[in-house]
Amino acid sequence: MLREAISDKLVHALGVSPERAGDRDWMRATALAVRDRLVDIRLSQPDAAPDGEREVSYLSLEFLVGRGLRDNLGNLGLLDAARGALADLGVDFERIRKAELDAALGNGGLGRLAACFMESLASLDIPAVGYGLRYEYGLFRQSVIDGEQREAPDDWGANADPWSFQRPNAIVTVGFGGSVREEVGPDGRMRRIWTPEENVLAVPSDMLVAGWRGRRVNVLRLWSARSAEPLSLEMFNDGDHVGAAAARIRAEAISQVLYPGDSNPAGQELRLRQEYFFTAASLADLLRRHLEAGRALADLASHAAIQLNDTHPAIAVAELMRLLVDEHDLAWEDAWSITQEVLNYTNHTLLPEALESWPVDLMEGMLPRHMEIIYAINLAYLEQARERLGAEDALLRRLSIIDETNGRRVRMGNLAFVGARRVNGVSALHTRLMRETVFADLDRALPGRIVNKTNGITFRRWLHQANSGLTALLVEAAGAGVLDDPERLRAIEPLAGDAAFVERFVAQRRHAKERLADLVRERTGVVVDPSALFDVQIKRIHEYKRQLLNILETVALYLAMKDDPDREWPSRVKIIAGKAAAGYAQAKLVIRLANAVGALVNDDPDIRGRLKLVFVPDYNVSVAEAIIPASDLSEQISTAGMEASGTGNMKLALNGALTIGTLDGANVEMREHVGAENIFIFGATAQEASELLASGYASAPTLDRSTRLARALFEIESGLFSPDDPDRFAPLCSAVAHADRYLVAADFDAYWDAQRRIDGLWYDQASWMTMAILNTARMGWFSSDRTIREYADEIWRTPAR
């Protein structure tokens, strides 16, 4: 039946004959046939959550969903059937699935977490809608030219995304700018009327998200911006052909690019427009569907739960109040009660600069009615804080939604906190630090709101699909129940010492490493030995994630090997991948240094191939699916206290990589689960890091003690890796030698020592593989199903099945 469906889609939906069809045609035809089955499941479900349950609306500026074909086939139990159907048609499934482009709807952990959560929501049969933006060009497509990151538009949708439906019957009009006036209504009540100066159409497209074994299909609704007036015919006919399209260009810019540069006023304005646009459209859609289900707005909190994924949708607090009070005539007190019952906020950062704030002038010009509402919320909240706490002016200034000390800005984190029923961190350490640092005052003023929900990952994507060889071995060893209950992975613990099992575990890892070696050669031209230790750091490039620490250790190791080339050094391949924000000069310079170090080290005959460093360009979900199953060592080396959780650490450990890391984010809980003896922890703790930075720490004395680090910095500054421009990497060296805000110098020697312990263990492959197997066996708790059950029980108050 599936074979006939694929053939029919190829001919009648795509208009292509089997004889002329290419890989992309076959991929799209297969996807359309699978999509039909998703639609059937979706249409068999009730339109609204039943009484006693709440539908979850998950608002996120990113959803890093990756390719959809294998994911949907796997969750529907049709993967083998699809392989067979395509084989009957003379088509290789593995070849055509690679023709699908990754959907460019996210960048890093925030977006991948949102995608994992959407899959788990469906797998646990929880009614949910994900809301975000349908970016035309995503973040960017990364290439490396002469060692430098170059950005180009990621035109991922140019070849027709086969998974999406446009929903023109659900278009929402979103306003910007304009003025607010007062008007007396028919009932004699005074009302504030907002008249926007500009209206933009939010056009929804739906992606269907299948849960495990097809239990439920939920919707990911993504908004595209379109102008209400796409072309001024008068201007066009007068000869101003460019000006005639100005309104369309301005409107469509909202959904073109993820995280446009915001180093200038125009970029800041566009970012705020993006955030308000998708939030306003999503809330309007939610209320429309609630009313169409025959329910009263007064009952909204009994039927809906809204999760704000970071501060990007924090304007939802003011927008929901505006909708309830201005558009639906609810009394302020009733609207505020509903708002605080339905909204919940996930915080993802402890870095003050990453907690969004917007200039009051910008907000007042773009969203004048919302600023009135924010002022009113702030006034009432501060009055309550003064009465309850006897708060003095200094505390009230810190509590205020309006920051008066920095040019008057709206603190979006404070707004989200005040308007939310629950505020959650994403690891135990992160949540504790939220209470002690960035939200200490708010926690005192509004106690009981902060809760912890440690992040998780979907095992269907990151084990079943990314690593089919390991999955088959686990099913054989622990039973098919391991596919449904990740905690059953514990059953393989006794096999960590079983010679036959270990041999097969090693064999599947070797196969994965050979595949990764092929990908590295294709993308970089560098040939790597699959028998070497694959040492991997794959994540967004940022100073606090400390890719620079990894590179400096590589330089120090290279110099040590040059000094003693006859010593028995274990073969090691350092693999780094990730994107730096287009305007983040230091992060982009880190990428350039990585490539410069690799260019010299990889071809040095004295090293004899025993150390290589490769930077894999254009990191995305599909690249991660190739790297993670082949990784031996997982670098989770952020400055302690700065990483909220991390999820790459979970994916890598699940697939058998050993972790070298600081006690930061979810590394703390990973150590508790896998055992301190099965993870390599080094460096300052969060408390030690905080105390060190607060004490006026300077790195100069550390450099005096650390001869290896001092020499590595000297060789970089002297131009060893940039002979054409010796000063090229001076900003990186200066950041370590002087400010050292991210404690690279402070942690270097501990990191070096941990890496040398790893060298020794690598020679003892029996012990290494025992530790790798135990890591896989003990990672079941880090399933996103567990995380979502906790959200459902403690935050959303709705059943998970």
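Let's start with A644: at 6% relative accessibility, A644 counts as buried. Buried here means under 20% relative accessible area, with exposed over 50% and partly exposed in between, using a 1.4 Å probe and protein chains only. A quick word on the source: this is a predicted model, where local features need pLDDT of at least 70, side-chain atom pairs count only at pLDDT 80 or more, and totals for chains, interfaces and linings use all residues. Residues are numbered from 1 along each chain as its sequence is written, and side-chain values use heavy atoms, leaving out hydrogens and water.

Back to A644. The residue sits in the loop between β21 (633–636) and α25 (648–654). Helices (H or I, at least four residues) and strands (E, at least two) are DSSP runs, numbered from the N terminus. What does A644 touch? Not counting residues up to four places away in sequence, A644 touches H348, T349, V426, S427, H430, G665 and A666. Contact means heavy atoms within 4.5 Å. L350 is 294 residues apart from A644 along the chain, yet their C-alpha atoms are separated by 7.0 Å.

Now the cores. A nonpolar core is a set of buried Ala, Val, Leu, Ile, Met, Phe, Trp, Tyr and Cys residues joined through side-chain atoms within 4.5 Å. The largest has 120 residues. V174, W223, F277, I374, L399, V410 and W796 have the most contacts inside it. Helix α9 (residues 265–292) gives the most to this core, 10 residues. Apart from it lies another core, of 118 residues, including F505 and L589.

Take W796. Leaving aside neighbours within four places in sequence, W796 is in contact with R54, V56, L121, A305, Q307, N344, I788 and Y791.

Next, strands. Two strands pair if DSSP finds at least two bridges between them. Strand β6 (residues 172–176) is mostly covered, with 4 of its 5 residues buried. 5 bridges join β6 to β9 (residues 198–210), and the two run antiparallel. V172 has A202 as its bridge partner in β9.

There is also an open sheet of 3 strands, in the order β13-β15-β14, with antiparallel pairing. β13 (357–359) and β14 (402–403) stand at the edges, each with a single partner strand, so one side of each is left without a neighbour in the sheet. 2 bridges join β14 to β15 (residues 409–411). I402 has V410 as its bridge partner in β15.
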